[in-house]
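Thanks for coming, everyone. Please look at the sequence and the model on the screen, and I will walk you through them.

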Amino acid sequence: MAGSSAQSSTAERIGYISRIESFSTCHRLHSIHLSDEENKEVYGKCNNPNGHGHNYKVEVTVRGKIDAKTGMVMNLTDLKKCIEEVIMIPLDHKNLDKDVPYFTTVVSTTENVAVYIWDNMVKVLPPGLLYEIKIHETDKNVVVYRGE
Ligand SMILES: Nc1nc2c(c(=O)[nH]1)N=C([C@H](O)[C@H](O)COP(=O)(O)OP(=O)(O)OP(=O)(O)O)CN2
Ligand SMILES: [Zn+2]
């Protein structure tokens, strides 16, 4: 029958919604757990003492019930505010290693940038909603972190 489905219209449905933002930073890949020689060996050109820059694209995805009354998993306007607070204000146009205390001891790989964003995003989002942080470091390098 036209319009019928396995789930009735009153059943709970789960949606995934994402917001994408871009931010620019500079950094240097250099681990305090490695010697200078090992850092050069592991990170190569990315260990350049004066750093290098990226225009990152980050996708923040939340997963949850599509509210029957509002039709939303969460209001994207609220997600935008969270991204501003957690990503744009602390990271955009910053030197990751020098301006963000977290990266004083943690090497600023994109994996660790994703963990940093996850750990701070869960603090401002409703419990259990954050699903994924995806960062495009370059057009070719993409990192996904799901809090595992
Ligand atoms: N596992 C990781 N590996 C690397 C990271 C990282 O964050 N995690 N980061 C870097 C460098 O910081 C840098 O991003 C690499 O840049 P680059 O090699 O220039 O990027 P592309 O591969 O996209 O550039 P092409 O030279 O055009 O291929 C290195 N590794
Ligand atoms: Zn880099």
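Start with helix α4, residues 110-124, which lies across β2, β4 and β5. It runs at about 145° to β4. Axes here are lines fitted to C-alpha atoms, for helices over the stretch in contact, and angles run from 0 to 180 degrees between N-to-C directions. Contact between two residues means C-beta atoms, placed from the backbone, within 7 Å. Helices (H or I, at least four residues) and strands (E, at least two) are DSSP runs, numbered from the N terminus.

A word on the source. This is a predicted model: local features need pLDDT of at least 70, side-chain atom pairs count only at pLDDT 80 or more, and totals for chains, interfaces and linings use all residues. Residues are numbered from 1 along each chain as its sequence is written, while chains are lettered from A and ligands numbered from 1 in the order in which they are written.

Now the sheet. In what order do the five strands run? The open sheet goes β3-β1-β2-β4-β5, with mixed pairing. Strands pair if DSSP finds at least two bridges between them. At the edges sit β3 (94-95) and β5 (142-145), each pairing on one side only. Helix α2, residues 76-91, packs on this sheet and touches β1 (14-27), β2 and β3. Its direction makes about 20° with that of β1.

Take one pair of strands. β2 (residues 52-65) and β4 (residues 130-136) are antiparallel, over six bridges. Across from K57 stands H136 in β4.

Next, the core. The largest nonpolar core has 20 residues. Such a core is a set of buried Ala, Val, Leu, Ile, Met, Phe, Trp, Tyr and Cys residues joined through C-beta atoms within 7 Å. Buried means 20 or more other C-beta atoms within 10 Å of the residue's own; exposed means 12 or fewer; partly exposed is in between; C-beta atoms are placed from the backbone. V58, I87 and I117 have the most contacts inside the core. Helix α2 gives the most to it, six residues. Leaving aside residues up to four places away in sequence, V58 touches E21, F23, I87, I117, I133 and I135.

Last, helix α1. Is it buried or in the open? Zero of its eight residues are buried, so α1 lies largely in the open. N39 is in this helix, residues 36-43. N39 counts as partly exposed because it has 19 C-beta neighbours inside 10 Å. Just after α1, G44 takes a positive phi of about 55°.
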